[in-house]
Amino acid sequence: RKSYAIRQKYRLIRLAPKSVHLEYAQMRRDLFNAEKRFRDEMTTVYQEACRRRFHNDELERQLRGEYVEKEVEPMLIHHLPERTNLQKILCDFNTNQSVKEITERKVKAIDGMVALASRREIRGPILKNTDENLLSIPALEEKDPDPPAVEAVESIPLVLEKTQCIYCVGDEQLSHADRTRKFSRVSHMMDHVERVHLMREP
């Protein structure tokens, strides 16, 4: 190699004459450019080979009558129905709609955002058993894509049990399930009051 010959003659490359040093620098630049061109060419060849292989595999599957099933996207389960209704509207990417339908969808999206902004989510109790967590998640039912205009008003009990939180019952921003939920023990309810509500008190 050129660098080895220069070191043998001058011990260090920087101690070599200027002409030798410039020649060595030019050789390094040429080597770097050649390696870069080689990598670019090999990348192009590899990508083209992959495209041809995928295309041939797809044609062979079609000739054999095999079809690959599309993966089903997981459905998100939200705690608040307002968030679920808003998700259906915002995730609708149908472009074959008239001007009137597009305007109605925008109005529904605004109404859904306002309804969601008036709610507040709280973190539920963490269960130790995974099966209990799965059972505690309500199953989504088939509903119309359009969100309901007015949510059904459910009554709030006037007399509370010992395991119910009086702060949550009086918070109208929470859902009916969060307002009327019951803790397994009174001590758990008191811990919830101290961690969630009393920490906000001045």
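These are my notebook entries on a predicted model of a protein chain.

**Entry 1: overall make-up**

I started with the secondary structure. The protein chain has 8 helices and 0 strands, so I read the order of elements from the N terminus as α-α-α-α-α-α-α-α. Next I looked up burial: of the 202 residues in the chain, 18% are buried. Among contacts with a separation of 6 or more, 51% are between residues 24 or more positions apart.

**Entry 2: helix 1 against helix 2**

How do helix 1 and helix 2 cross? I took helix 1 as residues 2-10 and helix 2 as residues 18-64; their axes come within 11 Å and cross at roughly 160 degrees. Angles over 145 degrees count as roughly antiparallel, so that is what I wrote down for helix 1 and helix 2. I noted the crossing as left-handed. On the helix 1 side the contact uses Lys2, Ser3, Ile6 and Tyr10, and on the helix 2 side Val20, Glu23, Tyr24 and Met27.

**Entry 3: helix 3 against helix 4**

Helix 3 covers residues 81-90 and helix 4 covers residues 99-117; the two pack at about 155 degrees, with axes 9 Å apart. Helix 3 and helix 4 therefore also go down as roughly antiparallel, and their crossing is left-handed. From helix 3 I listed Glu82, Arg83, Leu86, Ile89 and Leu90 as making the contact. The helix 4 partners are Arg105, Lys108, Ala109, Gly112, Met113, Ala115 and Leu116.

**Entry 4: the nonpolar cores**

Which residues make up the largest nonpolar core? I got 6 residues: Cys165, Cys168, Leu174, Phe183, Met189 and Val193. There is a second, separate core of 5 residues, and its members include Ile6, Ile13, Ala16 and Tyr24. I had already met Ile6 and Tyr24 in the contact between helix 1 and helix 2. Setting aside neighbours within four places in sequence, Phe183 is in contact with Thr163, Cys165, His188, Met189 and His192.

**Entry 5: Gln164**

Gln164 sits in the loop between helix 5 (130-136) and helix 6 (166-170). Is Gln164 buried or exposed? Its relative accessibility is 7%, and since the cut-off for buried is under 20%, Gln164 counts as buried. I then checked where the polar side chain goes. One reach is to the backbone nitrogen of Glu161, at 2.9 Å. I also found a polar atom of the Gln164 side chain 3.1 Å from the backbone oxygen of Thr180. With neighbours within four places in sequence left aside, the contacts of Gln164 are Thr180, Arg181, Lys182 and Met189. Met189 was already on my list for the largest core.

Leu158 is in the loop between helix 5 and helix 6. Leu158 and Val169 are 11 residues apart along the chain, and I have their C-alpha atoms separated by 9.6 Å.

Arg185 belongs to the loop between helix 7 (176-179) and helix 8 (186-197). Its relative accessibility of 54% is over the 50% cut-off, so I logged Arg185 as exposed. How far apart are Arg185 and Thr163 in space? I got 6.1 Å, C-alpha to C-alpha, for a pair 22 residues apart in sequence. Thr163 is also one of the contacts I wrote down for Phe183.

Conventions
Residues numbered from 1 in each chain as written. Predicted model: local features only at pLDDT ≥ 70, side-chain atom pairs only at ≥ 80, totals over all residues. Heavy atoms only, no water. Core = buried A, V, L, I, M, F, W, Y, C linked by side-chain atoms within 4.5 Å. Buried < 20%, exposed > 50% of the residue type's maximum accessible area, 1.4 Å probe, protein only. Contact = heavy atoms within 4.5 Å. Helix = DSSP H or I, 4+ residues; strand = E, 2+ residues; numbered from the N terminus. Polar contact = N/O pair within 3.5 Å; in protein donor to acceptor, adjacent residues only side chain to side chain. Axes fitted to C-alpha atoms, helices over the stretch in contact; angles between N-to-C directions. Parallel < 35°, antiparallel > 145°, perpendicular 65-115°, else oblique. Left-handed = near helix turned anticlockwise from the far one by under 90°.
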